[in-house]
Amino acid sequence: MKNSKNGLMYGLFFFYLIVVVWIILFKMQFYFSDLPHMRSINLIPFEASIRVGGRIDYSEIIGNFLIFVPFGFFLEFLWQKKHTFLKLCSCILFSVVLEAFQFFFSIGATDITDVLMNSFGGISGLTFTKILYFTCRNHVKLTIFLHYFVIFCSVVCSFFLFLLVFFNI
């Protein structure tokens, strides 16, 4: 039973990774010709988020944070026996690799703010999951609850993703 649940979690994690790559690298486009062909790099944190009039656009910053929170959750949940430092490095490395691909393939702007917020989101997911396991007395019930919670969130996100794809084709 435990192996089938872990298999399901690995499957959901793989699905999540595909969705993240589609959103970040492919900008939710279905054809390569629809991708922006630009290559730029910004190494000044939060500089590109400032709009006309000196106002900061928080939606992209918050979105970058939120999209990586599940990454940290999955790492903590699936790699419970791995060292925390490895999980932290994985959060940062995945973010850096995605931004580097954007630069090398000229499919978007590489921005240090994205790396920072993606990494912070992943680390927050790790931390939140660690706190749950640390404070909960019954780890078995918590694990079962988290399995069902992830399945529920995956179904809801898949539904919204389906609607997005269906209405944009």
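What follows is a short exchange of questions and answers about this structure.

Modeller: Happy to! This is a predicted model, where local features need pLDDT of at least 70, side-chain atom pairs count only at pLDDT 80 or more, and totals for chains, interfaces and linings use all residues. Residues are numbered from 1 along each chain as its sequence is written, and side-chain values use heavy atoms, with hydrogens and water left out.

Colleague: Which residues do salt bridges that share partners join into one network?

Modeller: A salt bridge here is a side-chain nitrogen of Lys or Arg within 4 Å of a carboxyl oxygen of Asp or Glu, and the whole structure has 2. In one, E76 meets K87 at 2.9 Å, N to O; in the other, K130 meets E76 at 3.5 Å, N to O. K130 lies in helix 4 and E76 in helix 2, so this pair ties together parts 54 residues apart in sequence. The network formed by the shared partners is E76, K87 and K130.

Colleague: Is E76 buried or exposed?

Modeller: Buried means under 20% relative accessible area, exposed over 50%, and partly exposed in between (1.4 Å probe, protein chains only). K130 has 33%, so that residue is partly exposed. E76 has a relative accessibility of 6%, so the answer is buried.

Colleague: Which helix gives the most to the lining of the largest pocket?

Modeller: A pocket is an open set of points on a 1 Å grid over the protein atoms alone, where a 1.4 Å probe fits, with protein on both sides within 12 Å along at least five of seven lines; lining residues have an atom within 4 Å of a point. The largest pocket is lined by 26 residues, with Y16, L66, P70, C153 and C157 nearest its centre. With 9 residues, the top contributor is helix 5.

Colleague: How many charged residues are in that lining?

Modeller: Asp, Glu, Lys and Arg count as charged; Ala, Val, Leu, Ile, Met, Phe, Trp, Tyr, Cys and Pro as nonpolar; and the others, Gly among them, as polar. The lining has 22 nonpolar and 4 polar residues, and the charged ones number none.

Colleague: What is the phi of S106?

Modeller: Most residues other than glycine have a negative phi. S106 sits in the loop between helix 3 and strand 2, and its phi is positive, near 55 degrees.

Methods: Helices (H or I, at least four residues) and strands (E, at least two) are DSSP runs, numbered from the N terminus.
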